[in-house]
Amino acid sequence: RHADAADPAAGAAVKAADRAHVFHSWSAQGLIDPLAVAGAEGAYFWDYDGNRYLDFTSGLVYTNIGYQHPTVVAAIQEQAGKMTTFAPAFAIESRSEAARLIAERTPGDLDKIFFTNGGAEAVENAVRMARLHTGRTKVLSAYRSYHGATSTAINLTGDPRRWASDNGSAGVVRFWAPFLYRSPFYAETEAEECARALQHLQDTLAYEGPSTIAAIILETIPGTAGIMTPPPGYLAGVREICDRYGIVFVLDEVMAGFGRTGKWFAADHFDVVPDLMTFAKGVNSGYVPLGGVAISAEIAATFDTRPYPGGLTYSGHPLACAAAIATIHVMEGEKVIENAARIGETVLGPGLRELAENHPSVGEVRGLGAFWALELVRNKETREPLVPYNATGADNAPMAAFGAAAKKNGLWPFINMNRTHAVPACNVTEAEAKEGLAALDAALSVADEHTV
Ligand code: PLP
């Protein structure tokens with residue numbers, strides 16, 4: 001398990017079997033060239049040729065405590081020795097303890113936990129609960145969002161690139177959420193953006209009929225779509241609108257939850273309590289698949305005497321729950337969340353802003369904790385994205401060159417369209433964060449060549 005132990009022949013065998021038999025997500029199978037990874041530890045992983053990369057993606061933004069944390073690995077091993085699996089209808093120690101620990105950390109009265117295997121299933125079930133609770137069908141979701149790749153979740157996702165499998169019949173109505181840098185409302189200030197976004201939501205509701213809306217779902221801080229922290233007052237405004245019309249407010253914390261933003265949940269930054277909150281990823285750093293819905297007392301009560309029509313064979317899987325318990329203990333024992341907050345404030349935030357000043361290709365830096373986005377542009381004045389929307393091939397060459405330069409400098413970058421996100425493990429050290437900033441500095445010089 002070490003970067004020194006290069007074994008190109010083993011890597012070639014892994015790669016050959018992958019290319020022959022693994023059908024990859026979101027990809028044209030004939031156009032991809034996946035890296036064969038030999039191992040990973042902490043904030044790094046390495047390939048079979050001895051190249052080591054600082055992972056500024058945390059996998060898919062989920063290894064919040066880094067790879068192979070020994071405490072969590074040991075907890076999974078111990079649980080495997082005691083009880084590897086047990087069906088969801090039974091009360092078992094790892095499941096009830098994980099639910100207790102999660103419920104104690106979620107905001108407000110979100111005290112009941114429905115376990116799933118990941119984020120999309122959490123979203124599916126949150127929507128089902130909201131529909132059954134209200135007796136209504138429509139759900140409002142935002143453009144520039146990601147909620148998962150199953151049927152309802154992909155319809156809720158506000159990104160046309162994901163709609164190839166859209167059946168268009170999921171009762172979803174989309175609206176614009178605030179994003180000042182590319183304001184859908186032509187606003188100039190955060191206060192203006194907030195007020196106009198709330199008015200737009202009101203207008204959308206008025207036309208749809210508030211009494212037909214079961215739920216409004218938002219990522220507390222949209223992640224995949226660009227890490228856009230909402231302006232002060234926006235989420236409180238949405239909460240107020242939901243209360244006024246009896247609409248269930250769902251916050252999707254699959255990416256932003258469990259320490260990523262420097263607090264347990266992103267909602268904690270805004271003092272807002274949703275009726276349902278979805279989580280996955282960071283709950284156990286993805287060591288074993290786990291997600292869930294945290295449910296308010298009022299919605300839980302709907303199903304006190306009426307059965308909830310939904311379930312999954314592996315709901316609250318003992319190995320996944322043991323990993324969650326250990327992860328939560330690691331986060332507290334090693335002050336991982338405090339570390340994310342501090343690194344964001346003292347290293348990543350200032351460092352990325354300095355890069356923005358020095359590089360013509362950086363249009364905006366935004367984020368907090370271990371959750372940052374750089375908006376790469378051809379021109380800072382016009383804010384024209386460095387590559388066109390959904391670019392491929394030659395059109396995407398500037399971002400491809402940026403990515404290749406980052407990798408050459410030992411950094412594995414998160415890239416989505418014209419953005420790169422700096423989303424390392426939440427327990428990344430100051431030295432590692434600075435190493436990542438230096439590699440980004442070099443790679444941005446390559447992006448600069450494509451500015452006008
Ligand atoms: N919701 C959000 C906010 C996400 O970021 C994601 C995944 O990135 C999902 C839902 C879907 O989670 P999963 O891929 O575990 O189904």
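## Handedness and model

A crossing is left-handed if the near helix is turned anticlockwise from the far one by less than a right angle. The model discussed here is predicted.

## Overall build

The protein chain holds 13 helices and 15 strands. Its C-alpha trace spans about 60 × 60 × 45 Å along the principal axes. The chain has 452 residues, so a compact globule would have a radius of gyration near 22 Å. The protein chain has 22 Å, which agrees.

## Helix 4 and helix 10

Helix 4 covers residues 93-105, and helix 10 covers residues 318-333. Their axes come within 8 Å and cross at roughly 40°. Angles under 35 degrees count as roughly parallel, and 65 to 115 as roughly perpendicular. Helix 4 and helix 10 are therefore oblique to each other.

Helix 4 brings Ser94, Arg95, Glu97, Ala98 and Leu101 to this contact. Helix 10 brings Pro318, Cys321, Ala322, Ala324, Ile325 and Ile328. By class, the residues of the contact of helix 4 with helix 10 divide into 8 nonpolar, 1 polar and 2 charged.

## Helix 11 and helix 13

Helix 11 runs over residues 336-358, and helix 13 over residues 430-448. The two axes come within 10 Å and cross at roughly 10°. That angle makes helix 11 roughly parallel to helix 13. The crossing of helix 11 and helix 13 is right-handed.

On the helix 11 side, the contact residues are Ile343, Val347, Leu348, Gly351 and Leu355. They meet Glu430, Ala433, Lys434, Leu437, Leu440, Asp441 and Leu444 in helix 13. The contact of helix 11 with helix 13 has 8 nonpolar, 1 polar and 3 charged residues.

## Helix 12 and helix 13

Helix 13 also packs against helix 12, residues 397-408. Here the axes come within 8 Å and cross at roughly 150°. Helix 12 is therefore roughly antiparallel to helix 13. Helix 12 and helix 13 cross in a right-handed sense.

Helix 12 contributes Pro398, Ala401, Phe402, Ala405 and Ala406. Helix 13 answers with Ala439, Leu440, Ala442, Ala443, Val446 and Ala447. The contact of helix 12 with helix 13 has 11 nonpolar residues, no polar and no charged ones. Leu440 of helix 13 is listed in the contact with helix 11 and in the contact with helix 12.

## Ligand shell

There are 16 residues around the ligand. Gly118, Gly119, Ala120, Gly148 and Val254 come nearest. Helix 5, residues 119-134, gives the most to the shell, with 3 residues.

By class, the shell around the ligand has 7 nonpolar, 7 polar and 2 charged residues. Gly counts as polar in this scheme. Among the nearest residues, Gly118, Gly119 and Gly148 are of that kind.

Notes
Residues are numbered from 1 along each chain as its sequence is written. This is a predicted model: local features need pLDDT of at least 70, side-chain atom pairs count only at pLDDT 80 or more; totals for chains, interfaces and linings use all residues. Axes are lines fitted to C-alpha atoms, for helices over the stretch in contact, and angles run from 0 to 180 degrees between N-to-C directions. Helices (H or I, at least four residues) and strands (E, at least two) are DSSP runs, numbered from the N terminus. Angles under 35 degrees count as roughly parallel, over 145 as roughly antiparallel, 65 to 115 as roughly perpendicular and the rest as oblique. Two residues are in contact if their C-beta atoms, placed from the backbone, lie within 7 Å. A residue is near a molecule or strand if its C-beta atom, placed from the backbone, lies within 6 Å of it. The radius of gyration is taken over C-alpha atoms; the globule rule is 2.2 Å times the number of residues to the power 0.38.
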